[in-house]
Amino acid sequence: MNILLTGASGFIGTQLVDALKQHQLTILTRSPERSAEKLGRQHQYLATLDGLSDLNDFDVIINLAGEPIAGKRWSAAQKQAICQSRWTITAKLSELIKHSDTPPHTFVSASAIGYYGDQKLQPIDESFEVNQQTQAEFTHQVCKRWEDEALSAQSEQTRVAILRIGLVLGSQGGALAKMLPAFKLGLGGPIADGQQGMSWIHQADLVRLIIYLAEHNDCVGIFNGTAPNPVSNKSFTKALGKAVNRPACIPAPAFGLKLALGEMSTLLIEGQYVTPKHALSSGFTFQYPELDAALEQILH
């Protein structure tokens with residue numbers, strides 16, 4: 001297939017490029033030269049979409065672009081960067097799809113489980129509808145417009161699959177890489193009351209799920225990119241301590257995190273118990289449905 005990929009130099013994007021190497025890849029990146037060094041010179045590189053009037057030459061678009069949501073404290077400028085880095089490129093891709101005579105048959109676009117906001121202990125699948133209070137939360141607003149921009153490309157010729165991604169586990173990037181140093185020193189522990197849900201997915205399963213959505217024509221609409229067994233923060237902490245063979249009992253109080261991180265602390269203090277009902281019902285199987293086995297594979 002001829003695939004256009006955004007966000008290819010990120011933590012998941014680099015793994016996806018490797019997994020798709022038998023296809024013809026065109027990679028959208030701000031630094032084509034640096035990306036070619038990192039990802040390989042056999043791919044095509046684009047610095048911008050501005051030179052394109054349509055996407056007739058592509059079979060599939062995979063859109064993973066976006067400023068890391070936990071990269072920096074959420075100042076007004078950082079919030080703007082988080083939003084625009086997702087919304088602008090997604091809107092542009094949808095516009096180009098609509099202007100194509102023979103558009104890509106598939107548009108897989110990332111979103112995040114932040115869409116659901118803080119839902120305490122309630123189990124959530126793709127049918128869950130958020131209330132007005134959640135609609136006011138920043139993470140929901142980011143994801144809602146991000147998804148709407150992608151869904152606007154849906155037509156008889158182009159199917160759109162939205163992937164709401166959870167906490168991606170891998171030792172070379174994402175949240176786990178940031179947590180490991182403290183846990184390896186025996187300084188890890190539960191956050192706040194430890195009851196908040198952590199809906200995680202092994203990096204290999206996420207890459208496989210993205211490709212599955214690209215290849216299966218019956219996969220349309222919203223899919224949760226999480227493993228089937230979400231856990232509480234307390235359980236996650238315990239499992240990670242066990243995986244690195246260290247105690248994990250030093251708690252991080254909510255007020256301290258709010259002082260240190262500001263509004264971004266909600267990513268740690270709040271959570272959801274999200275299950276991938278649509279992926280499972282479509283026939284996708286997870287290699288790592290259980291947390292202990294996932295951590296064991298990543299860390300050993």
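The legends below describe several close-up views of a predicted model.

Residues are numbered from 1 along each chain as its sequence is written, and side-chain values use heavy atoms, with hydrogens and water left out. Because the model is predicted, local features need pLDDT of at least 70 and side-chain atom pairs count only at pLDDT 80 or more, whereas totals for chains, interfaces and linings use all residues.

**View 1. The largest nonpolar core and the residues that touch the most other members.** A nonpolar core is a set of buried Ala, Val, Leu, Ile, Met, Phe, Trp, Tyr and Cys residues joined through side-chain atoms within 4.5 Å, where buried means under 20% relative accessible area, exposed means over 50%, and partly exposed lies in between (1.4 Å probe, protein chains only). The largest such core holds 51 residues, and Leu-16, Ile-62, Leu-64, Leu-163, Leu-206, Ile-210 and Leu-213 are those that touch the most other members. Helix H7 (residues 203-215) supplies the largest share of this core, namely eight residues; helices (H or I, at least four residues) and strands (E, at least two) are DSSP runs, numbered from the N terminus. Apart from this core lies another one of 21 residues, including Leu-167, Leu-240, Tyr-288 and Ala-294.

**View 2. The surroundings of Leu-64.** When residues up to four places away in sequence are not counted, Leu-64 touches Leu-5, Thr-6, Gly-7, Ile-12, Gly-13, Leu-16, Ala-110 and Ile-210, a contact being defined as heavy atoms within 4.5 Å.

**View 3. His-23 in the loop between helix H1 (11-19) and strand S2 (24-28).** The relative accessible area of His-23 is 15%, so this residue counts as buried. Leaving aside neighbours within four places in sequence, His-23 is in contact with Met-1, Ile-3 and Glu-215. A polar atom of the His-23 side chain lies 2.9 Å from the backbone nitrogen of Met-1.

View 4. The structure holds ten salt bridges, each being a side-chain nitrogen of Lys or Arg within 4 Å of a carboxyl oxygen of Asp or Glu. Side chains of opposite charge can pair when their charged atoms come close. In one of these bridges, Arg-145 is joined to Glu-149, with the closest N and O atoms 3.3 Å apart. Arg-145 is partly exposed, at 39% relative accessibility. In another bridge, the closest N and O atoms of Arg-208 and Asp-205 are 2.7 Å apart. Arg-208 counts as partly exposed at 27% relative accessibility, whereas Asp-205 is buried, with a relative accessible area of 0%.

**View 5. The salt bridge between Asp-18 and Lys-21.** The side chains of these two residues meet at 3.4 Å, taken from N to O. Asp-18 has 48% relative accessibility and is therefore partly exposed, while Lys-21, with a relative accessible area of 53%, is exposed.

**View 6. Lys-120 and Asn-245, two residues with positive phi.** Lys-120, which is not a glycine, has a positive phi near 50° and lies in the loop between strand S5 (106-112) and strand S6 (123-124). With a relative accessible area of 56%, Lys-120 is exposed. Asn-245 is not a glycine either, yet its phi is positive, at about 60°. Asn-245 belongs to the loop between H8 and H9, and its relative accessibility of 63% makes it exposed.

**View 7. Gly-66 in the loop between strand S4 (60-63) and helix H3 (76-98).** Gly-66 is partly exposed, at 37% relative accessibility. Apart from neighbours within four places in sequence, Gly-66 is in contact with Ser-85 and Arg-86. Glu-33 is 33 residues from Gly-66 along the chain, and the C-alpha atoms of the two are separated by 20 Å.

Note on methods
Polar contact = N/O pair within 3.5 Å; in protein donor to acceptor, adjacent residues only side chain to side chain.
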